[in-house]
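Hello,

My notes on what was found in it follow below.

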Amino acid sequence: MNEKRDFDQVAPSWDEEPRRVKLAGNVASSIIGAIHPDQTMDALDFGCGTGLVTLLLRPWVRSILGVDSSRGMLAVLERKVREREMTNVETVCRDLEKDERPAGRFHLIVSSMTLHHLPEPARLFNLFNDLLLPGGLIAVADLDTEDGNFHDDSTGVFHHGFDREKIMAHLLEIGFIDCGAQTADVIVKGTEAAAREYPVFLITARKPS
Ligand SMILES: C[S@@+](CC[C@H](N)C(=O)[O-])C[C@H]1O[C@@H](n2cnc3c(N)ncnc32)[C@H](O)[C@@H]1O
């Protein structure tokens, strides 16, 4: 079995990669466009990392909780929150693989680029279902099925992207409604002569009221 990636080690330099910042910006704008978050909403960002998406959504919602299993990634987010004196962002260290879950119920749950690091992504959707308030929304971004070349280091990568249609079918099967998908970003990697494109989907769905 693939071992877990050490995100603590990469945390200090995570935000220095421009394509990650661009991706987070495009994912956050796609979420805002699709969901129209508002100040009545308490949100959760699962696999929030250094908070690239969390902090872009923050002004749109009442509160946002960043959840991640890496204390190093969370420490970077916590430093930003402290330095910018933000009051509506909290963090909590939880590992879904150990069945650890955050307390509380949420109007909106988002997750970006974390699904492919989970051996059993279906468990994440069950968790979201449990943590959502009735009528709550999810917005999940990840790679479309790719050829296995996206990650230079595939430690902790359990899926080479996903078939968005299959994810939507699964969400409908477990009771979500109003499923939709769009392309939030296209990541370009490789040299100019041999560039490869990796589309990133954003799937949104609602828990029935
Ligand atoms: C590729 S990073 C994405 C971070 C952030 N969402 C972003 O867009 O920059 C994946 C994140 O998922 C977290 N993660 C991986 N497995 C996890 C698990 N089992 N439970 C909670 N978080 C997990 C990692 O620690 C890491 O911060």
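**Notes on the model**

F201 lies in strand 7. Before going further: this is a predicted model.

Is F201 buried or exposed? With 23 C-beta neighbours inside 10 Å, F201 counts as buried, because the cut-off for that class is 20 or more. Leaving aside neighbours within four places in sequence, F201 is in contact with A141, D142, D144, R164, A181, T183 and A184. F201 and D163 are 38 residues apart in sequence, yet their C-alpha atoms are 9.5 Å apart in space.

Seven strands form an open sheet with mixed pairing, in the order 3-2-1-4-5-7-6. Strand 3 (89–93) and strand 6 (177–189) are the edge strands, and each pairs on one side only. From one strand to the next, the twist averages 15 degrees.

Going through some of the pairs:

- Strand 6 and strand 7 (residues 196–206) run antiparallel and are joined by ten bridges. G180 has T204 in strand 7 as its bridge partner.
- Strand 1 and strand 4 run parallel, with three bridges between them. L44 has I109 in strand 4 as its bridge partner.
- Strand 4 and strand 5 also pair in the parallel sense, over six bridges. For S112, the bridge partner in strand 5 is A141.

How many of the seven residues of strand 4 are buried? Seven of the seven are, so strand 4 is largely enclosed by the rest of the structure.

**Helices on the sheet**

Helix 2 (residues 18–35) lies across strand 4 (106–112), strand 5 (132–143), strand 6 and strand 7, and runs at about 160 degrees to strand 6. Helix 4 (residues 71–83) also packs on the sheet, where it touches strand 2 (63–68) and strand 3. The direction of helix 4 makes about 165 degrees with that of strand 3.

Helix 4 has 13 residues, and the distance from its first C-alpha to its last is 18 Å, close to the 18 Å expected at 1.5 Å a residue. The buried residues in helix 4 are M73, L74, L77 and V81. They cover an arc of only 95 degrees around the axis, which puts them on the same side of helix 4. Packed against these buried residues are helix 1 (7–10), helix 3 (54–57), strand 2 and strand 3. The face of helix 4 turned away from its buried side carries the exposed residues R79, R82 and E83.

In soluble globular proteins, nonpolar side chains tend to be buried together. Here the largest nonpolar core has 52 residues, of which V27, A43, L108 and I109 touch the most other members. Which strand gives the most to this core? Strand 5 does, with seven residues.

A43 touches P37, L57, V61, S63, I64, F106, H107, L108 and V110, not counting residues up to four places away in sequence.

**Two backbone points to check**

Most residues other than glycine have a negative phi.

- E85 is not a glycine, but has a positive phi of about 50 degrees. With 6 other C-beta atoms within 10 Å, E85 is exposed.
- D99 is not a glycine either, and has a positive phi of about 65 degrees. The place of D99 is in the loop between strand 3 and strand 4. With 9 other C-beta atoms within 10 Å, D99 is exposed.

Regards

Technical notes: Residues numbered from 1 in each chain as written. Predicted model: local features only at pLDDT ≥ 70, side-chain atom pairs only at ≥ 80, totals over all residues. Pairing = 2+ DSSP bridges. Helix = DSSP H or I, 4+ residues; strand = E, 2+ residues; numbered from the N terminus. Axes fitted to C-alpha atoms, helices over the stretch in contact; angles between N-to-C directions. Contact = placed C-beta atoms within 7 Å. Expected span 1.5 Å × (residues − 1). Buried ≥ 20, exposed ≤ 12 C-beta atoms within 10 Å, placed from the backbone. Arc of directions from axis to C-beta. Core = buried A, V, L, I, M, F, W, Y, C linked by C-beta atoms within 7 Å.
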